[in-house]
Amino acid sequence: MIRLRTLTATLALLLALATNAEPRHLYLTWSGAPESTIDINLVMDRVSEPVYVYYDTEPRHEDRSAYRSVVEATYIQTQMELADGWRLYVAPLAGLAPGATYSFIAGEETNGFSRELKFRTLPGGAAPLRFVNGGDMGADGRARTIQRIAGSKDPDFAVLGGDLAYANGMLGAGGLWDAWLKNWSDYMRRTDGCLVPILTAIGNHEVNKFASVDPLVRSPWYLSLFGRQGEQVYFSRQVGDNMVFFMLDTDHLNAVDGPQLEWLKAELEKYKHVPHKFAVYHVPLYPAFGKFEGAVAARAREVWGPLFDQYGVRVAFEHHDHVAKRSKPIKNGQVAESGTVYVGDGAMGRESRDVGRELRWYNAMEESTVHFWLVDVTPDRVDLQAIDRSDTVFDAVSLP
């Protein structure tokens, strides 16, 4: 009888654990102003709707009755549900206080809620801000190490340039995204415990180039997870009074010219008053490893370069080549006293490639090393540091 009671109790405990599972993944993006909104994205294994996010400006230690605000998350039908059965729910929180820390839990009644987590809204105005930039990540030990270091620098957000999970647009590659999302949640944390929101541009390893022309078929996972940052895969995001990001697509789902080019012209004109303009995309215009006359690089230099010059793009964040580089200031296709500085090129986890022994004519620094860029922005300057996986700053520059 005692053994039967023990077995019954054990089965009850296992059943309770099985039905009290947290959301499989939880990550933060923006589709609105970073000072007053945040999108909480929940990837759920199974769900008994509705899904809720409870939040407050004070910790409530997972007592749902104590949180002063609650919002029901919206179910978003995505391609990843066809592959692994994962369901996506998005809770766009709005009307938040600038520069505030919020505690929250997210989930649903039957299968459980997350532990209490935190995020910070951006302060807005002319307040200093810090972000990290990188791309070409993967989910192995190098990626985990560099993300842990990046999180320890207390960034306000992260700007990623594509090739995140290396799933190649394959619907059956959910395991790679599973590992990438887990790494991000585990290692990209500020020292105060806050999650780090993501701005991301698309890369070639997010796309199956042999699939249908339908974007949802060519890039099912990326569009499922990150397809709501703007009306298109390319989009802009103003952050405070002093900076704006133009997140671009280097021929992965959208040509660098055509509609994207017309959109870029209009957006640069719209934000011409913002002092710090940043372009973010995957394939470099001024590579340290790839061919200078590569088809995408040459075409993008031809059509984007004059716009960067005309509107004074301060920094272009490039990726794809798995090396570290910083260009000299470039204007009109030549080295100049002032102009756009092109930094990159990926390798925030992927093994770095060998750069040549001699610097290319347009570059001030080239290194073969896994790294990320730490960027501090104030009203009158932009400070950039390249940091490797031993937490060493190996390159730095200040741009007025």
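Predicted model: local features only at pLDDT ≥ 70, side-chain atom pairs only at ≥ 80, totals over all residues.
Started just past helix α8: G312 there takes a positive phi of about 70°.

**Helix α8**

I backed up into the helix itself. I checked its length: 17 residues (295-311) at 1.5 Å a residue should span 24 Å, and the end C-alpha atoms are 24 Å apart, which agrees. I also looked for a bend and found a kink of about 40° at W304, shortly before the proline P306.

Which residues of α8 are buried? I listed A297, A300, R301, V303, W304, G305, L307, F308, D309 and Y311. So W304, where the kink lies, is on that buried list, because it falls under the 20% cut-off for relative accessible area. I then asked what covers the buried residues of α8. The cover includes α7 (259-270) and the strands β15 (276-280), β16 (313-317), β18 (330-331) and β20 (341-344).

**Arginines over rings**

R301 from that buried list turned up again: its charged end sits over the ring of Y286, 5.7 Å from the centre. I noted another arginine, R350, over the face of Y166, at 3.8 Å from the ring centre.

**Aromatic pairs**

How many aromatic pairs does the structure hold? I got 33. I picked F104 and F119 to look at: their ring centres are 5.8 Å apart and the planes are at 55°, so I wrote the pair down as tilted. F104 is in strand β7 (residues 101-108) and F119 in strand β9 (residues 117-120), so this pair ties together parts 15 residues apart in sequence. Both F104 and F119 are buried.

Next I took W177 and W180, with centres 5.9 Å apart and planes at 75°, so that pair is edge-to-face. Both tryptophans lie in helix α4 (residues 174-187), three residues apart, about one turn of the helix. That spacing made me recall a general point: an α-helix has 3.6 residues a turn, so residues three or four places apart point the same way. Buried or exposed, W177? Buried, at 2% relative accessibility. W180 is buried too, at 0%.

**N208**

Last stop was the loop between β12 (198-200) and α5 (215-218), where N208 lies. I have N208 down as buried, with a relative accessible area of 16%. What does its side chain meet? A polar atom of the N208 side chain lies 3.0 Å from the backbone nitrogen of F210. Leaving aside neighbours within four places in sequence, I found N208 in contact with N168, G169, M170 and R218.

Notes. Residues numbered from 1 in each chain as written. Heavy atoms only, no water. Helix = DSSP H or I, 4+ residues; strand = E, 2+ residues; numbered from the N terminus. Expected span 1.5 Å × (residues − 1). Bend = angle between axes of the 7 residues up to and from the residue. Buried < 20%, exposed > 50% of the residue type's maximum accessible area, 1.4 Å probe, protein only. Contact = heavy atoms within 4.5 Å. Polar contact = N/O pair within 3.5 Å; in protein donor to acceptor, adjacent residues only side chain to side chain. Phe/Tyr/Trp six-rings, centres within 6.5 Å; stacked < 30°, edge-to-face > 60°. Lys NZ or Arg CZ within 6 Å of the ring centre and 35° of its normal.
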